[in-house]
Amino acid sequence: MPIASVVITLDARATLHDAALAALRDDERVEVGNRVGARVPAVLETRTADEGEALVREIASVPGVLLVELVGVDRSLDEGDA
Amino acid sequence: MDRRAFLKQSAMAAATMAAARASFGQAAAPPKPTLPLAPANGVKWDKAPCRFCGTGCHVQVGVLAGKIVAIQGDPKAEVNRGLLCVKGYHVGLALYGKDRLTRPLLKKNGVQTPISWAEAIDVIAKRVAADPATFAIYGSGQWTIPEGYAALKLIKGGLGHNQIEANARLCMASAVTGFLATYGVDEPAGCYDDLDRCDVLITWGNNPAEMHPILFSRVIDRRSRGEKVTLIDINTRRTRTSAFADRSLLFKPNTDLAIANGIAHLLVERGTFDKDFVDKHCAFRAPDDKKTLQGKAISFDDYKRMLAEYTPANVEKMSGVAAKDIVYLAELFGRRDLRITSLWCMGMNQHTRGTAINSLVHGVHLLSGHFGKPGDAPTSLTGQPSACGTVREVGTLCHALPGGLVVAKAEDRAEVEHVWNVPPGRISAKVGYHTVEMFRRFSTPSDKGGDIKTLWVQTTNPGQSLPNVHELFEPSRKLADKFLIVSDVYPTATTKDADLVLPSSLWVEKNGVFGNSERRTQQWFKMVEPPGEARPDVWQLLAVARRLYELGVPGLKDKDGAYLFDVKKDGKSVPVWDFAHFFDVNVDEALFDEYRKLTKHHKKDLAPYAEYTRARGLRWPVVEQPDGSWKETRFRFTEGEDPYVAKGKGVQFYQSVTKDDRAQIWFNPQEAPPESPDADYPFWLCTGRVLEHWHTGTMTMRIPQLARAMPHAYVEMSREDASRLGVQDGEEVVLETRRGKIELPVWIDGRGSPPPGSLFVPFFDERLLINELTLHEHDPFSKQPDYKKCAARVRKKAKAS
């Protein structure tokens, strides 16, 4: 169960921005934190590293998301997955 | 709270702090860096620069039970301030591919057979001792600084010749010659801080959104907070970077010189250049008849006359970039109220006119005075983690010595001989073979001039990354008296047919020091054990050197008869060549502290090794302060920043080739490339990288997630060309140049979009080896081949009957 922390940079345009946040909150694998300017911290919890990495890409393709940057990834809960 | 909840809470805290801290260049103090993923869960953390590209992001590596289980962007690192690109997700996994090389393998009767390390070292040493002059080492910008330094010292100090090269010759040699021709000394004056201050960012044939995403995000983040940063993408195909650009200017391959000359022409013609800056700090230069890197001095009037034909209308004809866009660029450079940063990488360097275009872009900045202030800088980027630190600064090239010294100068050789305590004359003045020539000679029969017979490759994969491998690499594998030694971590296109394969330690399985694109030297300690019998490359070099010493090769002794690589602890020599004692002393520290003695000559001063163990890298020159601390330099040649600029000078190019503190503004004409599309081969073919894979994919193709995300190479083609050829997206085609052909699928409107008449193929896939098709013609000064343009044709694959 890898746990990844990311920073998501959102488009400044309000409609895109709000739609992107809504899409992120709809995904139960994503815990969205408090916005810091255009950046949103989030934690991703997935069953496998494969799924986690795919989720990062998925988020990057959400309309209104400009960038997704990784902060960290921890696989210590599932050492075999590392 | 259970461990899972604790980790999630810690992760959110880390992300929140990173989001706040990521306000690069802002006045507000960032949150105090902490490590939220604390040792409470049993994970032990330590710092290291990322193993992949030349950006030099720092990571915190979490180790549990001898294995890497967590990676975190280092919140204390100025380069990335806690953030990583998607490759960071996998940097720890790069160590754990299932097919790691774990034992030395010697080819016996055509089969690679496990042998002991002792036998492997003996085989190499006896072969080298029998014929030292025909032995060469080929490394890379993935060598650590101590590894590269040891290899260089073995060849130049131990064997007395200069047959050492590194694959950085293939990716940034033209940047080096561009800096040398302009400033008299290598490497950028600016640094990443420029990205926080520029008003305009121009990417010249560069795609940082994919290749240097952490740097690119600094600019995008500023824009997302409402700052105005104009992004101009000058390229031969649309990329992810183009998608963010305010203007994306597509030019015909090879015509970037015309664009730069067009900007300079308008600056001069309209009088909008920075006359004061030019009068005080610059001189003018043009190619000479002898075609030397230094060229000849010209007057401003000469320069103006040479530029005269580069009118906007003519440049449009040459380059395909609209005249109004050339005017726009010139108007931007003509403004004093803007700060302009230029970035480039392989697009400008892998160019038969690479030195020339590098010099021209520097020239545009100098001519317009967009230099020396934060945000005003021409800056080249590198693709490998220590292309600058190990190759450019240590000097692991056939003409170079450490610290910017060169073998051609007697005083430089003497300085190095003094530090190495070897007799005068030990270092040869004869320049060795550059990369293409080294491999050409290795692939040529010995009785026909192929005078490189034994080649030791470390930390790179030339069997895939060389251009035109049919000619430069593959023949050597069929010649009986050629012997290829390869140190690597995984099987590669190069290990496949090697005569001797040595298993190496990777990244945090050993100590290391890298130097990134902004002159930042970064250190790390070993954190985990390598698999099987894998050992550090630096130990391999020192073990061979010791065996050569034992065999009586005279160069392996210094003037006093001591072993050339003698390492002492508490005044006593440590037998570091014996692996049982290798870690009795920090060999990296010993080599680094010897090397740093040679870095002062060209004012590239490094601090003692111990300083780097505490820092997240320091940018040279690093100079000791009266209080005993060590201060790095952000902006070179600028008063108040660079300690070597005299008071009152403002800007001082103190390494000037003309010895008058002036930088050189070059004129270089637009010229035709060695190969252009024609009736038989009507397309331009360009090669390059993709986000998922790093270089030849040796590491990233073994990470299942990355391999699945980008499983194989492809050819990008415009929709118009695909329609004309009757080719569908995903359909296999035959791609052919005068050097070979491969079959691969077409990608239309993919990640990159070449214009009609152009194709793009990434080079990470050894099964679809595009470098069987590329051209090995190279820049006359840098000797860097041009991977970015050759003529090609495409046809539909015939259906099986």
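**Strand pairing, interfaces and domains**

Mentor: Let us begin with one pair of residues: Leu106(B) lies opposite Leu500(B), which belongs to strand S17 of chain B. Please keep in mind throughout that this is a predicted model.

Trainee: In which sense do S4(B) and S17(B) pair, and over how many bridges?

Mentor: The pairing of S4(B), residues 105–108, with S17(B), residues 500–503, is antiparallel and extends over two bridges. S4(B) also has a partner in S5(B), residues 111–114; these two strands run antiparallel and are joined by four bridges.

Trainee: What do S4(B) and S5(B) form, and how many residues are between them?

Mentor: They form a hairpin, with two residues between the strands. Asn109(B) is in the turn, that is, in the loop between S4 and S5 of chain B.

Trainee: What should I note about the phi of Asn109(B)?

Mentor: The general idea comes first: most residues other than glycine have a negative phi, and most peptide bonds are trans. In this structure, Asn109(B) has a phi near 50°, which is positive although the residue is not glycine.

Trainee: Which peptide bond is cis?

Mentor: The bond that leads from Trp620(B) to Pro621(B) is cis, and its omega is near 0°. Pro621(B) sits in the loop that lies between strand S22 (618–619) and strand S23 (623–624) of chain B.

Trainee: How should I read a salt bridge, and how many salt bridges does the whole structure hold?

Mentor: Side chains of opposite charge can pair when their charged atoms come close. Over all chains, the search finds 68 salt bridges. One of them is formed by the side chains of Glu509(B) and Arg100(B), at 2.8 Å from N to O. This pair links distant parts of the chain, 409 residues apart: Glu509(B) is in the loop between S17 and strand S18 (512–515) of chain B, and Arg100(B) is in the loop between S3 and S4 of chain B.

Trainee: Now to the two chains. How many residues of each chain take part in the contact?

Mentor: Chain A contributes 39 residues and chain B contributes 45 residues. Between them about 3,600 Å² is buried, and carbon and sulfur atoms give 63% of that area. On the side of chain A, Arg39(A), Leu70(A) and Val71(A) together supply 16% of the area buried against chain B, more than any other three residues.

Trainee: What polar features cross the interface of chain A and chain B?

Mentor: Eight residue pairs are in polar contact across this interface, and the count of salt bridges between the chains is four. Among the salt bridges is that of Arg4(B) with Glu45(A), whose closest N and O atoms are 2.5 Å apart. As for the elements involved, strand S1 (3–10), strand S2 (30–32), strand S3 (39–45), helix H2 (49–60) and strand S4 (65–74) of chain A each give at least two residues to the side that touches chain B. S4(A) provides the largest share, eight residues. By class, that side of chain A comprises 22 nonpolar, six polar and eleven charged residues.

Trainee: Which strand of chain B is joined to S4(A)?

Mentor: S4(A) is joined by three bridges to strand S3 of chain B, residues 67–73, and the two run antiparallel. Within this pairing, Gly72(A) is opposite Gln72(B) of S3(B).

Trainee: Into which domains is chain B divided?

Mentor: The division gives domain 1 (3–91), domain 2 (105–171 + 386–585), domain 3 (173–381) and domain 4 (683–796). Let us take domains 2 and 3 of chain B, whose centres, taken over C-alpha atoms, are separated by 36 Å. Eleven residues of domain 2 are in contact with 17 residues of domain 3. The two domains bury about 1,100 Å² between them, with 42% of it on carbon and sulfur atoms.

Trainee: Which side chains meet in a salt bridge there?

Mentor: The count between these two domains is one salt bridge, and the side chains of Asp186(B) and Arg392(B) meet in a salt bridge at 2.8 Å, N to O. Eight residue pairs are in polar contact between domain 2 and domain 3 of chain B. The side of domain 2 that touches domain 3 has four nonpolar, two polar and five charged residues.

Conventions. Residues are numbered from 1 along each chain as its sequence is written. Chains are lettered from A and ligands numbered from 1 in the order in which they are written. This is a predicted model: local features need pLDDT of at least 70, side-chain atom pairs count only at pLDDT 80 or more; totals for chains, interfaces and linings use all residues. Side-chain values use heavy atoms; hydrogens and water are left out. Domain bounds come from an automatic or database domain assignment. Contact means heavy atoms within 4.5 Å. Buried area is the accessible area (1.4 Å probe) that two parts lose on being put together, summed over both. A polar contact is a pair of N or O atoms within 3.5 Å; within protein, one must be able to donate a hydrogen and the other to accept it, and residues adjacent in sequence count only if both atoms are side-chain atoms. Ala, Val, Leu, Ile, Met, Phe, Trp, Tyr, Cys and Pro count as nonpolar, Asp, Glu, Lys and Arg as charged, and the others, Gly among them, as polar. Two strands pair if DSSP finds at least two bridges between them.
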